[in-house]
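User: I would like to learn how to read the features of a model like this one. Please give the general idea each time, then the case at hand.

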Amino acid sequence: MVTAADEFRPAVPARSGTARRTRPSAWAFRAVVSAHVVAIFGQPVFAGVFLSGDYDGLRLHEAGANVTTSLGYVQLIAAVAVWVRLRRAGPFLATLALVAAETVQYFAGMGGALWLHLPLGVATIAALVVQFVDVWRRPLERRPLGRRPEDRRERARIAAAPERQETGDE
């Protein structure tokens, strides 16, 4: 007698010498995060140039804010690709929080609310550095099916379904 449980194959293949590998979508995400880190590190430098008396530093700080914020939105798009292709929502959620903080910081700076702009800028740089380290620390490999609750429910439904007999009458 053959049951549905006998036909079920595990979703996670055995790791017999398979190398861990980072997918192209993860490499794209890494590249965008790296460019974002470089751009955001220029912001305190440009602000310092302005505060030291060179008023061209404010123009550089504004241009850097535009580049940094734009890279944040590009990173959000790349994080969606990582979520869809690699089944990893963590990079998307972290990037979403980071982009929200950057957007608030951008408008606080444009509005002159330095009491919010400065500490939020420090926190945003720290959060992006943590994300940079996390992204480069280990390969972003595809998460196998079977670990999410909806995958377990689907497997249980298939295993509990009665076996359908095929007849020649149909």
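User: Is Arg138 buried, exposed or partly exposed, and what is its relative accessible area?

Analyst: Buried means under 20% relative accessible area, exposed over 50%, and partly exposed in between, with a 1.4 Å probe and protein chains only. Arg138 has a relative accessible area of 31%, so it counts as partly exposed. Salt bridges that share partners join Arg138, Asp134 and Arg137 into one network. This is a predicted model, in which local features need pLDDT of at least 70 and side-chain atom pairs count only at pLDDT 80 or more, while totals for chains, interfaces and linings use all residues. Residues are numbered from 1 along each chain as its sequence is written, and side-chain values use heavy atoms, with hydrogens and water left out.

User: Which salt bridges does Asp134 make?

Analyst: A salt bridge is a side-chain nitrogen of Lys or Arg within 4 Å of a carboxyl oxygen of Asp or Glu. The Asp134 side chain meets that of Arg138 at 2.8 Å, N to O, and that of Arg137 at 3.6 Å. Asp134 and Arg137 sit three residues apart in helix α5 (residues 114–137), about one turn of the helix. Asp134 is partly exposed at 32%, whereas Arg137 is exposed at 59%.

User: How many salt bridges are there by this rule?

Analyst: The count is three. One of them pairs Asp56 with Arg59 at 2.9 Å; both residues lie in helix α3, three residues apart.

User: How should I read the helices and the confidence?

Analyst: Helices (H or I, at least four residues) and strands (E, at least two) are DSSP runs, numbered from the N terminus. The chain has six helices and zero strands. pLDDT is the predictor's confidence in each residue, from 0 to 100. The chain averages 85, and 76% of the residues score at least 70. Confidence is lowest in helix α1 (residues 4–7), with a mean of 58, and highest in helix α4 (residues 90–111), at 97. Where pLDDT is low, the predicted coordinates should not be read in detail.

User: Is Thr95 buried or exposed, and which residues is it in contact with?

Analyst: Thr95, in helix α4, is buried because its relative accessible area is 0%. Contact means heavy atoms within 4.5 Å. Leaving aside neighbours within four places in sequence, Thr95 is in contact with Phe29, Gly72, Gln75, Leu76, Ala79 and Gln131.
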